[in-house]
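Here is a short briefing on one protein chain. Keep the sequence and the 3D view open as you read.

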Amino acid sequence: MLKILEGIGKIFRILWMGVAASVFVLSNVVFVLFALPIALLLAPFPRVRPRVLSLLLRGLLNLMFSKAAPFCRVFGLSENVRKVLAENRGSLIVCNHITLIDPMLVLSFAPDTGVLLKGKYGKWPAIWFLLKFFDFVALDGTSPAEIAGVAEACAKLLRGGKSLLVFPEGTRSRSGRVGDFKNLAFKLAKDGGCKVVALCIRVDAPFFSKGQKGILPARKPNFKMDCAGVFDPSDYRNADTLCAAVYRAVSKKCREPM
């Protein structure tokens, strides 16, 4: 009888995750189908179009993560995250990177925020659309000229009063531990004098992560997002010391129990 119950429970978990994965894919499709006509209609109004599309994107993301995910008991948000992001607009937001949905998770709560991401993701239709019409910056290579161009695009966003989301590890962690931080983001903060908001995402089961076996996880994952601190670059000697301080704070927060 116990084995039968365990088998039934496993079937329900697989079905639940199948539905969750389908909703994730469907949300991307719905966003593109709704946003593309709006983008075309607003083509004669280049100043209005980004604002309207941004509101549409953040509305969809907030619906997914602020309403649907808590209802399904897969996501938790510490009380101070929303407040910290609202109070520190125009800041550099850095976060550890575990799953493919990390950028959307942060963007659902971060107003007026652009994202620095790898150029390879631009092959996905939804990401291509974001790169085309939103404040998304793609890093395609590692040459000094390419990095300088990306740094200038990011600095332009920050000078315009927008926040910028960067995952300083540069890739998703296989083990769930925080990898080494690259200091490009912290050079931007130091040069621009903008504060650094450090966030921490934790998840207790693999979900769209590196090393995941199969398409669906073995059980329902639970996400938690917390703030690890707000850092003023003027308090640090250079970008490297700022980077090290933020790394320690995020790593410490990630080791705390959910």
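Which elements do the buried residues of H6 pack against? They pack against S2, strand S3 (113-118), strand S4 (136-139), strand S5 (163-166) and H7. Keep in mind that this is a predicted model.

**The whole chain**

- The protein chain has 8 helices and 7 strands.
- It has 258 residues, and 46% of them are buried.
- Take the contacts in the chain with a separation of 6 or more: 73% of them join residues 24 or more positions apart.
- The chain exposes about 14,100 Å². Carbon and sulfur atoms supply 63% of that area.

**Helix H6**

- H6 covers residues 144-159, which is 16 residues.
- From first C-alpha to last, H6 reaches 22 Å. That is close to the 22 Å expected at 1.5 Å a residue.
- The buried residues of H6 are Val-150, Ala-151, Cys-154, Ala-155, Leu-157 and Leu-158.
- Seen down the helix axis, these buried residues of H6 fall within an arc of 155°, so they line one face.
- An α-helix has 3.6 residues a turn, so residues three or four places apart point the same way.
- The face of H6 turned away from the buried side carries exposed residues: Ala-145, Lys-156 and Arg-159.
- Gly-161 follows H6, and its phi is positive, near 90°.

**Helix H7**

- In H7 (184-192), the buried residues are Ala-185, Phe-186, Leu-188 and Ala-189.
- Viewed down the axis of H7, its buried residues fall within an arc of 150°, so they line one face of the helix.
- The cover over the buried residues of H7 includes S2, H6, S5, S6 and H8.
- Gly-193 follows H7. The phi of Gly-193 is positive, near 70°.

**Helix H8**

- H8 runs over residues 239-255, a total of 17 residues.
- At 1.5 Å a residue, H8 should span 24 Å. The end C-alpha atoms of H8 are 24 Å apart, which agrees.
- Its buried residues include Leu-242, Cys-243, Val-246, Val-250 and Cys-254. Lys-253 is also one of the buried residues of H8.
- The buried residues of H8 pack against strand S2 (92-95), H7, strand S6 (196-203) and strand S7 (223-231).
- At the start of H8, look for Asn-238: one of its side-chain oxygens comes within 3.1 Å of the backbone nitrogen of Asp-240.

**Cysteines**

- How many disulfides are there? The count comes to 0.
- Cys-95 is in no disulfide. The nearest cysteine sulfur, in Cys-200, is 7.0 Å away.
- Cys-95 is buried, with a relative accessible area of 0%.
- A disulfide needs the sulfur atoms within 2.5 Å.
- Cys-227 counts as buried, at 10% relative accessibility.

- Asp-102 sits in helix H4 (residues 102-107).
- Is Asp-102 buried or exposed? Asp-102 is buried, because its relative accessible area is 0%, and buried means under 20%.
- A polar atom of the Asp-102 side chain lies 2.9 Å from the backbone nitrogen of Thr-99.
- Beyond its neighbours within four places in sequence, Asp-102 is in contact with Asn-96, His-97, Phe-167 and Ile-201.
- Thr-113 belongs to strand S3 and counts as buried, at 2% relative accessibility.
- A polar atom of the Thr-113 side chain lies 3.4 Å from the backbone oxygen of Ala-110.
- Setting aside neighbours within four places in sequence, the contacts of Thr-113 include Arg-58, Ile-93 and Leu-165.

**Arg-174**

- Where is Arg-174 found? Arg-174 is in the loop between S5 and H7.
- Arg-174 counts as exposed, because its relative accessibility is 64% and exposed means over 50%.
- Arg-174 and Ile-98 are 76 residues apart along the chain, yet their C-alpha atoms are separated by 7.5 Å.

Notes
Residues are numbered from 1 along each chain as its sequence is written. This is a predicted model: local features need pLDDT of at least 70, side-chain atom pairs count only at pLDDT 80 or more; totals for chains, interfaces and linings use all residues. Side-chain values use heavy atoms; hydrogens and water are left out. Helices (H or I, at least four residues) and strands (E, at least two) are DSSP runs, numbered from the N terminus. Buried means under 20% relative accessible area, exposed over 50%, partly exposed in between (1.4 Å probe, protein chains only). Contact means heavy atoms within 4.5 Å. Accessible areas come from the Shrake-Rupley method with a 1.4 Å probe; for residues, only the protein chains shown count as cover. The expected span of a helix is 1.5 Å times one less than its number of residues. A polar contact is a pair of N or O atoms within 3.5 Å; within protein, one must be able to donate a hydrogen and the other to accept it, and residues adjacent in sequence count only if both atoms are side-chain atoms. The arc is that of the directions from the helix axis to the C-beta atoms.
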